[in-house]
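Hi,

Here is the structure I promised to pass on.

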Amino acid sequence: MASNEATKKVDVARGAARGPANVPPARPATPAKVPQKRATPGEFFSQVRDEARKVTWPSRRETTITTIMVFVMVVVTSLFFTVVDQALRFVVGLVLGL
C-alpha cells in the first residue's frame with residue numbers, strides 16, 4: 001500500500017477525487033445549556049447540612065466489628081503472602097542450586 005504522500009501525489013496527478021463526493025452530514029446543533037443558579041455561601045452550607053442529615057451513620061458496634069474484621073484480614077493476608085514468599089524462595093533456591 002502506498003504511503004499517504006504518494007497517494008496525495010497520485011490524486012493530484014489524476015485531478016479528480018476518488019469515489020463520490022464525500023460530504024459529511026450536517027450535525028444537529030447541541031442544545032444550549034441552561035445556566036444554573038449559583039448558590040450563596042449560606043445556601044451552600046445549608047444544602048451541605050441537609051445532605052449530611054440523610055447519611056446513615058454506623059453505630060459504635062458496627063464500627064468496632066468492621067475495625068476488628070479489617071485487622072483480621074490484614075493478619076490473614078500477611079500470613080498468606082509470607083507463606084507464598086517462603087515457598088517461592090525455596091523453589092528458586094532449588095532451581096538455581098543456592
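Below is what I found, from the overall picture down to the side chains.

First, the ground rules. This is a predicted model, so local features need pLDDT of at least 70 and side-chain atom pairs count only at pLDDT 80 or more, while totals for chains, interfaces and linings use all residues. Residues are numbered from 1 along each chain as its sequence is written, and side-chain values use heavy atoms, with hydrogens and water left out.

**Confidence and fold**

The protein chain averages a pLDDT (the predictor's confidence in each residue, from 0 to 100) of 84, and 74% of the residues score at least 70. The chain has three helices and zero strands, running α-α-α from the N terminus on. Helices here are DSSP runs of H or I with at least four residues, strands are runs of E with at least two, and both are numbered from the N terminus. Where pLDDT is low, the predicted coordinates should not be read in detail.

**Surface**

Of the 98 residues, 1% count as buried; that means under 20% relative accessible area, with exposed over 50% and partly exposed in between (1.4 Å probe, protein chains only). The accessible surface comes to about 10000 Å², and 67% of that belongs to carbon and sulfur atoms. Areas are from the Shrake-Rupley method with a 1.4 Å probe, and for residues only the protein chains shown count as cover.

**Helix 3**

(The expected span is 1.5 Å times one less than the number of residues.) After helix 3 comes Gly97, with a positive phi near 70°.

There is also a nonpolar surface patch made of Ile65, Ile68, Met69, Val72, Met73 and Val76, with about 530 Å² of accessible area together. Patches take residues with over 30% relative accessible area and no salt bridge, joining like charges within 9 Å and nonpolar side chains (Val, Leu, Ile, Met, Phe, Trp, Tyr) within 5 Å. Met73 is found in helix 3 and is partly exposed at 47%.

**Aromatic pairs**

The structure holds two aromatic pairs. Rings of Phe, Tyr and Trp (its six-membered ring) pair if their centres lie within 6.5 Å; planes under 30 degrees apart are stacked, over 60 edge-to-face and the rest tilted. Phe44 and Phe45 are edge-to-face, at 5.4 Å centre to centre and 70° between the planes. Phe44 is partly exposed at 44%, whereas Phe45 counts as exposed at 55%. The Phe80 and Phe81 rings have their centres 5.2 Å apart and planes at 70°, so that pair is edge-to-face too. Phe80 is partly exposed at 48% and Phe81 exposed at 51%.

**Salt bridges**

I count three salt bridges, meaning a side-chain nitrogen of Lys or Arg within 4 Å of a carboxyl oxygen of Asp or Glu.

- Lys37 and Glu43: the closest N and O atoms are 3.9 Å apart. Lys37 is exposed at 72%, and Glu43 partly exposed at 33%.
- Asp50 and Arg53: the closest N and O atoms are 3.3 Å apart. They sit three residues apart in helix 2 (residues 41-53), so about one helical turn separates them.
- Glu51 and Lys54: 3.1 Å, N to O. Glu51 is partly exposed at 46%, and Lys54 exposed at 59%.

Cheers
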